[in-house]
Amino acid sequence: MFTAETVIGGFITLILMLIAYKLPHIRWFHKSTMALVMLFDLAMPFYLYMNRDWKERLIDGGEILNFLIWMHIGLVVTLYILYFMQIKAGKALAKGDEEQRENHRNQGRGILLTRTLVLLTGALLYEPPE
């Protein structure tokens, strides 16, 4: 069973990410907010694993074959790959490689879109308590 808190927390961090995306000139805020949101996203699967009965839902409930679950997992993996590329471009940009600026900005747009889709598919997978 999923809880609404994980969905709400995800959307709050999405709003923070949008604000940080719009304020790249405030470097300390941009870097720290983006890093914290990335850490939140990396920690979320561990939190869900520790606090949910996956066997009951996926195996016993038969949802392992659900397309939405596989789409959600694929989007999460895509998001992690984009995060890796974004960090790499951001580090190069911090070292003065101005050629990475447009690359970093475009990856940021991709992250915002992918993260929104991850949160929407996660919200669709939400099961209210009985």
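**Fold.** I started with secondary structure and counted five helices and zero strands in the chain. I noted that this is a predicted model. Reading along the sequence, I wrote the pattern down as α-α-α-α-α.

**Extent and packing.** I took the box around the C-alpha atoms along the principal axes and got roughly 55 × 25 × 20 Å. The chain has 130 residues, and 32% of them count as buried.

**Surface and charge.** The chain exposes about 8,600 Å². Carbon and sulfur atoms supply 71% of that area. For charge, I listed 13 positive and 12 negative side chains. The centres of the two sets lie 13 Å apart.

**Largest pocket.** How big is the volume of the largest pocket? I read about 730 Å³. The lining of this pocket has 26 residues, and the closest to its centre are His30, Lys31, Gly90, Leu93 and His104. I also asked which elements give two or more residues to the lining. They are α1 (4-22), α2 (27-51), α4 (67-94) and α5 (100-124).

**His104.** I went to this residue from the pocket list. His104 sits in helix α5. Is His104 buried or exposed? His104 counts as buried, because its relative accessibility is 16% and the cut-off for buried is under 20%. Leaving aside neighbours within four places in sequence, I found His104 in contact with His30, Gln86, Ala89, Gly90 and Leu93. Three of these names, His30, Gly90 and Leu93, were already in my note on the pocket centre.

**Gly90.** I checked this residue as a partner of His104. Gly90 belongs to helix α4. At 22% relative accessibility, Gly90 is partly exposed. The label follows because buried means under 20% and exposed means over 50%. I also took a distance from Gly90 to Arg101. The two are 11 residues apart along the chain, and their C-alpha atoms are separated by 8.1 Å.

**Gln107.** I stayed in helix α5 for this one, where Gln107 has its place. Gln107 has a relative accessible area of 8%, so I logged it as buried. What does Gln107 contact beyond its neighbours within four places in sequence? I found Met85, Gln86 and Ala89.

**Tyr21.** I ended in helix α1, where Tyr21 is placed. Not counting residues up to four places away in sequence, Tyr21 touches His30, Met34, Arg105, Gly108, Arg109 and Leu112. Tyr21 and Arg109 are 88 residues apart in sequence. In space they are 8.7 Å apart, C-alpha to C-alpha.

Key
Residues are numbered from 1 along each chain as its sequence is written. This is a predicted model: local features need pLDDT of at least 70, side-chain atom pairs count only at pLDDT 80 or more; totals for chains, interfaces and linings use all residues. Side-chain values use heavy atoms; hydrogens and water are left out. Helices (H or I, at least four residues) and strands (E, at least two) are DSSP runs, numbered from the N terminus. Buried means under 20% relative accessible area, exposed over 50%, partly exposed in between (1.4 Å probe, protein chains only). Accessible areas come from the Shrake-Rupley method with a 1.4 Å probe; for residues, only the protein chains shown count as cover. Lys and Arg count as positive and Asp and Glu as negative; His and the chain ends are not counted. The place of a charge is taken as NZ of Lys, CZ of Arg, CG of Asp or CD of Glu. On a 1 Å grid over the protein atoms alone, a cavity is a set of points where a 1.4 Å probe fits but cannot get out, and a pocket is an open set with protein on both sides within 12 Å along at least five of seven lines; lining residues have an atom within 4 Å of a point. Grid points are joined across faces, edges and corners, and a volume is the space filled by probe spheres set on the points. Contact means heavy atoms within 4.5 Å.
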